[in-house]
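User: Could you walk me through this model feature by feature? I would like the general idea each time, and then the case at hand.

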Amino acid sequence: MAILQILQYPDPRLHTIAKKVLQVNDITRKLIKNMAQTMYAAPGVGLAATQVDVHEQIIVMDVSELHNELRVFINPEILHSSGEQEGEEGCLSVPGIYENVRRADKVTVQALNQTGESFTLEAEGFLAVCIQHEMDHLKGKVFVEYLSQLKQTRLRAKLKKRQREAM
Ligand code: NI
């Protein structure tokens with residue numbers, strides 16, 4: 001297993017649109033293991049392949065208290081969404097930044113698991129937020145893009161400055 005490097009916003013590669021996984025195989029499973037290890041080490045509750053510069057539709061997630069309920073979503077699709085919730089979100093690609101985002105309260109998602117079997121999950125609350133947040137990554141969208149243009153400009157300047165200082 002290996003810890004992968006997580007792309008940091010505003011890295012343009014975060015805007016790449018991920019392709020569907022055509023075949024779930026050992027290479028996919030190895031990537032999932034490394035993504036999970038990277039997520040747990042960060043630590044974070046979700047990670048999309050986009051964030052480790054692999055542009056395939058793969059997400060790992062664990063919102064459990066004990067960090068022992070890994071969820072894997074390959075080629076996820078939202079079948080149904082309803083309601084509305086707003087809450088503070090953060091992202092491993094935008095460290096230290098937390099902002100309110102409005103999301104659907106409930107989503108029904110269909111995806112493949114790591115053995116390539118299809119499953120459907122009805123999620124609400126925080127889990128539903130995570131699914132929407134990570135699926136956005138696969139579409140090349142980072143959560144800060146929901147903020148006003150002014151806030152985004154300020155944020156990019158702040159993060160670029162921080163990245164320069166860290167070099
Ligand atoms: Ni994120």
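Predicted model: local features only at pLDDT ≥ 70, side-chain atom pairs only at ≥ 80, totals over all residues.

User: Which residues of H3 are buried?

Analyst: Residues are numbered from 1 along each chain as its sequence is written, and side-chain values use heavy atoms, with hydrogens and water left out. Buried means under 20% relative accessible area, exposed over 50%, and partly exposed in between (1.4 Å probe, protein chains only). Helices (H or I, at least four residues) and strands (E, at least two) are DSSP runs, numbered from the N terminus. In H3, the buried residues are Gln152, Leu155 and Leu159. They lie on the same side of H3, because they cover an arc of only 65 degrees around the axis; the arc is that of the directions from the helix axis to the C-beta atoms. Leu150, Arg154, Arg164 and Glu165 are exposed on the other side of H3.

User: What span should the 18 residues of helix H3 have?

Analyst: The expected span of a helix is 1.5 Å times one less than its number of residues. For helix H3 (residues 149–166) that gives 26 Å, and its end C-alpha atoms are 26 Å apart, which agrees. The 14 residues of H2 should span 20 Å, and the end C-alpha atoms of H2 are 21 Å apart, which agrees as well.

User: How many of the 14 residues of H2 are buried?

Analyst: Twelve of them are buried, so H2 is largely enclosed by the rest of the structure. Among them are Leu127, Cys130, His133 and His137. After H2 comes Gly140, with a positive phi near 85 degrees.

User: Which residues coordinate the nickel ion?

Analyst: Donors are N, O and S atoms within 2.8 Å of the metal (3.2 Å for Na, K and Ca); water is not among the atoms, so sites may look incomplete. Here the nickel ion is coordinated by Cys91 through SG and by His133 and His137 through NE2, at 2.0 to 2.2 Å. The donor spacing in sequence is C-x41-H-x3-H. Cys91, in the loop between strand E4 (85–89) and strand E5 (99–103), and His133, in helix H2 (residues 125–138), are 42 residues apart, and the pair links distant parts of the chain. Both Cys91 and His133 are buried.

User: How many disulfides does a search of the whole structure find?

Analyst: A disulfide is a pair of cysteine sulfur atoms within 2.5 Å. The search finds zero. Cys130 is in no disulfide, and the nearest cysteine sulfur, that of Cys91, is 11 Å away. Cys130 counts as buried at 6% relative accessibility, and Cys91 does so at 10%.

User: Which rings form the aromatic pair, and is it stacked or tilted?

Analyst: Rings of Phe, Tyr and Trp (its six-membered ring) pair if their centres lie within 6.5 Å; planes under 30 degrees apart count as stacked, over 60 as edge-to-face and the rest as tilted. The structure holds one such pair. Phe73 and Phe119 have ring centres 5.8 Å apart and planes at 45 degrees, so the pair is tilted. It links distant parts of the chain: Phe73 is in strand E3 (residues 71–82) and Phe119 in strand E7 (residues 118–124), 46 residues apart. Phe73 is buried at 2% relative accessibility, whereas Phe119 is partly exposed at 24%.

User: Where does the charged end of Lys141 sit?

Analyst: A charge sits over a ring if NZ of Lys or CZ of Arg is within 6 Å of the ring centre and within 35 degrees of the ring normal. The charged end of Lys141 is over the ring of Tyr146, 4.0 Å from its centre.

User: Finally, what should I look for in the backbone?

Analyst: Most residues other than glycine have a negative phi, and most peptide bonds are trans. Tyr9 and Pro10 are joined by a cis peptide bond, with omega about 5 degrees. The bond from Ala42 to Pro43 is cis too, with omega near -10 degrees. Asp53, which is not a glycine, has a positive phi of about 65 degrees, and His67, also not a glycine, has one of about 55 degrees. Asp53 is partly exposed at 33% relative accessibility, and His67 is partly exposed at 48%.
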